[in-house]
Every structure is written in C-alpha cells, then in structure tokens.
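These are my notebook entries on a few places I looked up.

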Amino acid sequence: MSNETAAPGVRIRDLTVVYKTPAGELPAVRGVDLTLAPGTITGVVGESGSGKSTLALSLLNAVQPPGRIAAGSVEIDGLGDVLTLRGEDLRRARGRQVGYVFQAAQNSLNPLKTIGKQLLDLGRSHEVEDLRGLVRDAKDLLARMGMDGARVLDSYQHELSGGMRQRVGIMLALVLNAKVVVLDEPTTALDMITQATILRIIREVHEERALTTLVITHDVGAVAEVADSLAVMYGGRVVEHGPVTEVLGEARHPYTQGLIRAIPRLTGDLSLARALPGRPPTLGTLPTQGCVFRERCERRMEVCETDEPMAVNRDGRTVACHAADRHLTLIKRKEFV
Amino acid sequence: MTVIVNPEGTISPGALPAGTTRATLRRNFWRGVWRVLRRKPSRMAGVVIVALFALMGVAGPLLYPAQLPRDDNALYAPPSLAHPFGTDFEGTDVLALVVTGARYVLLTGLATAVITVALGTLIGLVAGFHRGRWDSLLMRLTDMNLAIPGLPLLLVLSTVWKFESPLEMGLVLGVLGWGGIARAVRSQTLSLRERGFIEAARGLGLPTRHIIGRELLPSMAPYIAMNMLIAVTGAVYAQVGLFFLGVLPFESNNWGVMLNLAVFNGGALTTPAALPYLLAPLIAILLLTLGIVLIVDAMDEIFNPRLREE
Amino acid sequence: MITGTGITKVFKQRGGVLGAREVPALRGVDFAIAKGGAVSFIGESGSGKTTLGRIIAGLESHDAGEIVIDDVPMSSLSHRRRQPYFRRVQLIHQDPYSALNPTRTIHQTLEAPLKLRAKQTGRPRSWVDGRAAELLAMVGIDPGYVLPRYPHQLSGGMRQRVVIARALTMDPEVLVADEAVSMIDVSLRLGILALLKDLRERLNVGVLFITHDIATARYIGDDGELYVLYRGQVVERGATEKIIADPVHPYTQSLLSAIPVLHGLERPGAERVVPKEMQREGEPDAGCLFARRCPFSTERCANEMPVLARDQDIEQEYACFHPRRRSVIPVGVGE
C-alpha cells in the first residue's frame, strides 16, 4: 500500500522535559538520547515515574502545561525537528507523519459517534480530499487486523470489545499513512490471548507498511515479543538500550537485571525471583545529583552518590552505569547512528 | 521521604504516632482550609463579603434604634454623605434599611438551606444506599415533593399564615424544596456505593450508620457544602421574590419589602428619585450571591485532602 | 474451609428493543479452599472468576448451588445469620486507589474495623492502636510513617499493603485477592505476592488468588491449586505447578501459549496453541463452550458437553474429549 517511501529514522537528542511543581521545575525526562533505526520496532520499558509516557508525547511535541520541553531535539527523517514545528505544520505532522495510538484506546474514541464518523472527522481535519478512499483504506486495515470493516465503522465505541477498540486505535493512527507510529501501552487492560493477538498484529502491520515503531510499556514481556530493540528507562533517563535478545539475555544495568529477576515467570526456581527493594521514584523524590537508581542498587559505590553515570556505547549496546563500565570511564561517547 | 519497608517492624505496640489524634487532625484541617482560601484572592474576597453580611445579620439591628428615624423633609432624597443611598418614602436612610433588613433575609435563607440540605441528604443517602424497597418508597416521596407547585401553595398559605418569624418562612421553603437535592444525593450515593472502600466497609461488617456517616458523607462533603451555599442564594431569591410580588405580608422590613415599595410605591422604574431605594437591596443581593459563589469555588479543594494539602 | 457445589449465576442485562438478555456468568462450579490453602482462579474476562470470588466473599448472591463455610451450609441460615461467616472471607480489590477512603487517614481507616473487632472479642479500646501498628508491621510497612497519612500520599504498593492490613483486622480465614497486583508496578509485584505467601504461613490464612496472569499464581505457595475457568465453567483443575508444566485442555494451553516469551532468556514452547478468533461469541446451542475457538475440536465437541473428570494417566481434572499434552510454555535458553 504505502511501501514506496522508506521508513524514516528518528533521533532524539538530549531531550529534557520539566514539570512545574510547587517545589520548582522538576525533570520528568532528562538528557535522553535515543535513536530509532529506520524500519525497526523499539520498545521503551519503564515503571511509573520513569518518564516513558512523557517521552512518547514529546515525539508529537504534545507535552502540555505544567510540563514543557526544556531542551533537546526530536528529528524525524523527512520532517525535521518536531520540537520546532508549530501551529498548522505541527497539526499536519501529527496524524499524517506521526501516528499515535493511545493507551486503552477508549480514551481517544468519542463515545457519542460511530467509528466511521470519527474516521471522517479525522480525514476532514487533515484536509483529505478523497474521503471515500480513506474509508476504503480503513476497511482494508481493519480486515488486515481480522475485523469486519463495515460493521466496525458502523459501531459505537461501547459496542466493541477491548481488543477491537485497540485495533481501531491502531487503524486510526495508520490510516493517514503515517510512517512513524507511537503506541502507548498497547496491551494494558487486555486479556492474555488478546494481548498476544495485538502484538502479532503490530508486528505484521509494521512490516507490511515499512514503519518505524515505538512501543511504550511497563510490560517487558510485550516488548520481548514484538520489538527489535529495547530501551529501559528509570527516573527520566535511559539506563540501557540495545537489541532485545541481548539486553534480556545479558542485561548490564543493575536495574534491568533487577527488573528481569522481579518478573513473575512461568518456569524456573521460585526462590530465585526477588522483588526490587524500595520503590520507583516520583518527580519529587528524584535525586538531583548522582545516579537516580542508587537507592535500590545492589552494586552501589561511592561515585554513584555524586556523579551521574554517562551513557556508554559498546558493541551497539548503551548502558549508563558506573559499575558496568568501571574501566571505561574515559569513553564519553553518546549513542548516535 | 524514603519508605522503610520493614518486615520485622521495630515499633512499640500501644504507642500512637504523632499526628493521629483527633485534635491534630482538626488543627491540620483548618490550616488546610486557610491555605486553600489563600490560594486565590477571589476566595478571600468571597469570605470577606460573606463575613460582612453575616455580621450585618447578627449585629446590624443593634447599630440602629428599634424604630428607624424618619425625616419628613428628606423624602426620596438623593444620595449624599449622610445617606449614601438616599432615603425612602418616609425619609428613612436606605442604607440603614438594607442593614437592618438583612437579618430576616439571611436567617430565612440559612434556615431554608439547612432544612433542604438536611432532609434532602438524609433521604438521598438512605435511598441510594439501601436501594430496593426503601429506594422506591423514598423516590416516590421525592417525586411528590418535586411535583408540589410551590408558588401557588405559598400564595394559599400566606392567606392564613403570617410568617412573622424568618424561621417559619425558612421551614416552609425548606420543606417545599428538598426534592432536587434528594435526587442528586441519591445518584451520587449510588455511584459511590460501588467504590472499593465502601464495599470493603460492608465486607468488614461495619454498621450502616458508620458507612453512611463516616464513609459516604465525608466523600460527598464538597457536594453537600456547595448545595448548601447555593440553597442559601436560592432561598434569598425565593423570599425576596415573594415579598416583591406582594404575596407575603409585610410584618417587618427586609430587602424584598424594599424592592416592592420601591417599585410599586416609589415608581422606581419610571422616575429616578426612588432609584437608589431600588438599587440598594439589589446590590446587596448581588454582593451576597457573589460572595457565596466565590466561596463555593473553594469547596472542592477544602474537602479533598489531596487538593487541600498540595 | 470453604467449599462450593454447583455455583450458578446468571446476569440479567437490561436489553434494548429485544428485551432483557440473560448472560450466564457461572455454570455450576465446584470448588474447595482448605484451611490455610492456596487456590488460584485463572481466566480471561467473562470467565466468571471475579464473580465467583465476590460470591465467596459474600458480596454477591448466587442463583443456584450451595456454599459451605466451616461445615455450615449458608443456605440454612438467614441473610443476617450468614454475615459473621462471610466476614471470615475478606476481599482485596484490584485497585488500591479506590479501595481506601481518600478523605480519611490510614489510622482512621484501620481504627473503625478494629474498634468493631475489639467489641466482638471483648478487648479494651486501648488494644486498637497497638493492633493497628502490629498489622501494618506485619504487612511490611512502617506504622509511624503510614498511620497519619492520607491514601494519596502513599505509593500504590503501600496502599495495597494497607488494604491487606485492613482485611486482616477481622482475623479472616481466607483472603480473596482479585487481581491484587495488576495495578502495581512490575518490580514490586513479587513483594506483594511474597507477603501473601508469608501471611499464609504465619497466620494460616487461606488465599484465593484471582488473576489473568498465570505466572503470578505460582508465587503464593508451591502447594497451590489451580482452577482454569472459561465462560463460567471449570475446564481444568489441579496442582498449579502440574498444570503449568503439563496442561492438557486446549484452552489452558492457549492461555499459556499467549504468555510473552522473553526472547534472549527463553525460547517459545514448540507446540503453542492459538485459538481461532470469534467476532461475536453468542451462546452455543450445545456442546463444549470452547469448541468454536478450539483448533482441535471435532463433531463430538460441538454437540456434547464435556464434564470435569479425571483419568488414571493424567493427574489433573479436565473437561475435554481430546486432552493431549503439549509443550506450550517457554523454555529457558540453554536448556
């Protein structure tokens, strides 16, 4: 369908997003460097307070007050720096170039209008001339995802199951032929079997349409099933990034290691599993200097109290940890393509 | 604010941590209220206005002699330093009339508000919580109350009842007007009822009395407070309107009486002379409503601990 | 000790033009929770697991069947006389945010049921505060920190622990944890699960763990029993570890197949089962409820209803005409 254009690459550089609180402006995302290679699916995993949702919004330049983007750039091939776009240009970019699938799609669907009407609204607001063609594309997409297009377009949001709503969300994000797609918690609130189906659909649609996809989630399992590369966020920073199988098989950051150990698993020794001590930070409890993770870290050292670890790139893997690269403190290369 | 996750626990049983006694909670509550009011200057303005009127109602008549002085030489006098709002048809200072006339209006308003909210809340809570037969019965009652034509009934009553005391007026208006609140409280109760903490309270076997009084009611506090304040304004309009229409007998002076006399006796709508006489009570009503509306804005924050503490 | 036989529940939906629709939520379920035992109900939405949990906790009625608590059948008692029995079963909700009254401090929240308990057991009022601190310590949080605070000042994990402490105020015999960790950060879930296991061991309190995430069911105890529910019926039942390692019902296998594989650490099972997708699931006329979605269903499955039974070759109970062992769960890399 739209395989003519190549998938764009996305480069996030030094992104910092702050939120205004009674205690001043606090960073939800701090100095994040992240590259989404063209045509790949990147999964960003983090718990509450990690800043992952804020990161996702930044790709659309959609951070609302009391938050604001304080520094950095989000470059998308063919679009430039999204953060410099304003007004009409920005509106057009959202939807046509960058598609966003909301968490639990019911938040983005109007309960009072049929899906078809909302589709037409979307088309009109983006000045699509051939609305019939748009509806045809939508039906094709829905069929591709295993649904009866005509019936779905005639339905209201509450007549569809959770899994179907999520697919409608995906359809609406793709129908304007966006090449970059951001999915925010695509599998939350869905049954296990439906989750597996949705992940499969994301993978298939991604490949078919040659997209560059970003999946934001707290579920490591979901990322493992669908993504090519995995980035782990904690306290507003990317602490580890690399190919999925490598990061999971050989995690280098203590948080990643702890997270994997803390996931309830189907097999394996029950006594080996351990919850991480402490709890994830909130905006107000983030330390202003030193490593954000040190309170819960088992490899805590003196340098962790004062120096924030730099992200070090080695063999295509990025880790930000003093303990992981003790003998490599001289190398301060940040990740880039 | 790091959390100590402490499986073995090193506490001494029997020791109560600081900050849990009732007195402390109450003190913190009022401190929080002050903080909420200070957040927006409009709220403080509202508090000042309402306090002013409250003072007027309590102390107003004490500032003036029981019989207000009449000045036959200054009938419908224009505003001046001595009479900021001029005088009425008897030469009595209009400002004095407004100040002394406040008590009746405010007392009635308060009485009405208290009765409507108390009755309406009780009925709505019981209906919403127990559902089933209680609900049907109480809602039929509410429907009847809402169907009663208030104005004609008052007209009829006024032929036999003199309504001397503001409390009598308040009682009648109150009994006539609780239907709307009952409905609203019932629907709030129905939705709150399904919340986790209410279900947990039921599952633990806590008595209905406790659940309604200590769990449901505090959660609905902002709603009830808002309704109470708005009911005051509604009651003020109702009785002022009735006095203005001449439906209720003039036993003493109040704002509604003033409006009636200004328009029908003084021709305030046609000649400028009695205009201040008309405007003064109107401005008073306006100010009171404004003050109440500005305070209502704070209600949500006052009763929600999360917003209060922030 | 709680048992149930033939528990049936039908939800009447106020229908549209066509009148009311009846949705069967539970179709004759049997279960047993031993004293201090660990039982898990697994299923998707519509399986009836939450409804069953609420019926066991006394929060909902059932249309047919019998519940027996501590050898007393509930049907023999009036509604009022049943309450003290159901109070021995306390429900822990999924959402720790709405399970605590936001306008009351934790101290106030715990004080109310403890005062009632003091009255019930003839203890003095002075016992209440000490017991509150004791319970909070038991669930692993600092009473001094938590008691004067409001729920919004605590994290999700702490709130859930407070909810558990509140459930313990009545000295229950069974805790029903309905998706108790679903809304908690992943890195903290094991902490709550370990707490439940610990409470079982310390207080001999039974845990009924309701979840859609089968892996979590393993952590409340290695002696756990698992019930797999599908649309109101038990389709497989047996020891948790056994069913996970060796499921025989295609629906159980579908559930286990759907669990994401941590590629790099694990390899997917060789015979993963993917059920057919149905647009609309109405009531089948007869036969196995799963037949329309089952990749292995036959003519017989569509016409006859399989019954939960056991045979000598397979340890667990199952309701299927064509049970077969399949390796569906992930295998560790390097095994």
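Entry 1. I looked up Glu185(A) and found it in the loop between β7 (180-184) and α7 (192-208) of chain A. This is a predicted model, so I read each value as computed from the prediction. Glu185(A) has a positive phi of about 50°, although it is not a glycine. I noted this because most residues other than glycine have a negative phi. Is Glu185(A) buried or exposed? I found 21 other C-beta atoms within 10 Å of Glu185(A), so it is buried, as the cut-off for buried is 20 or more.

Entry 2. I then looked up Arg231(C), which also is not a glycine and has a positive phi of about 50°. I placed Arg231(C) in the loop between β9 (225-230) and β10 (233-239) of chain C. Arg231(C) counts as buried because it has 21 C-beta neighbours inside 10 Å.

Entry 3. I turned to a peptide bond in chain A. Pro65(A) and Pro66(A) are joined by a cis peptide bond, with omega about 10°. I wrote it down because most peptide bonds are trans. Pro66(A) sits in the loop between α1 (52-58) and β4 (67-76) of chain A.

Entry 4. I looked up two helices of chain B, α10 (residues 255-265) and α11 (residues 275-303). Their axes come within 8 Å and cross at roughly 150°. Angles over 145 degrees count as roughly antiparallel, and α10(B) and α11(B) are therefore roughly antiparallel to each other. The crossing of α10(B) past α11(B) is left-handed. Which residues of α10(B) meet α11(B)? I listed Trp255(B), Met258(B), Leu259(B), Ala262(B) and Val263(B). On the α11(B) side I listed Tyr277(B), Leu278(B), Pro281(B), Ala284(B) and Ile285(B). This contact divides into 10 nonpolar residues, no polar and no charged.

Entry 5. I looked up where chain C touches chain B. How many residues of chain C are in contact with chain B? I found 40 residues of chain C in contact with 31 residues of chain B. On the chain C side, β6 (89-92), α3 (106-121), α4 (127-138), α5 (143-146) and α6 (156-168) each supply at least two residues. The largest share of that side, five residues, comes from α4(C). By type, the chain C side has 19 nonpolar, 14 polar and seven charged residues.

Entry 6. I ended with the confidence scores. Chain C has a mean pLDDT of 89, and 95% of its residues reach 70 or more. The model scores ipTM 0.84 and pTM 0.85.

Key. Residues are numbered from 1 along each chain as its sequence is written. Chains are lettered from A and ligands numbered from 1 in the order in which they are written. This is a predicted model: local features need pLDDT of at least 70, side-chain atom pairs count only at pLDDT 80 or more; totals for chains, interfaces and linings use all residues. Two residues are in contact if their C-beta atoms, placed from the backbone, lie within 7 Å. Helices (H or I, at least four residues) and strands (E, at least two) are DSSP runs, numbered from the N terminus. Ala, Val, Leu, Ile, Met, Phe, Trp, Tyr, Cys and Pro count as nonpolar, Asp, Glu, Lys and Arg as charged, and the others, Gly among them, as polar. Axes are lines fitted to C-alpha atoms, for helices over the stretch in contact, and angles run from 0 to 180 degrees between N-to-C directions. Angles under 35 degrees count as roughly parallel, over 145 as roughly antiparallel, 65 to 115 as roughly perpendicular and the rest as oblique. A crossing is left-handed if the near helix is turned anticlockwise from the far one by less than a right angle, and right-handed if clockwise. pLDDT is the predictor's confidence in each residue, from 0 to 100. A residue is buried if 20 or more other C-beta atoms lie within 10 Å of its own, exposed if 12 or fewer, and partly exposed in between; C-beta atoms are placed from the backbone.
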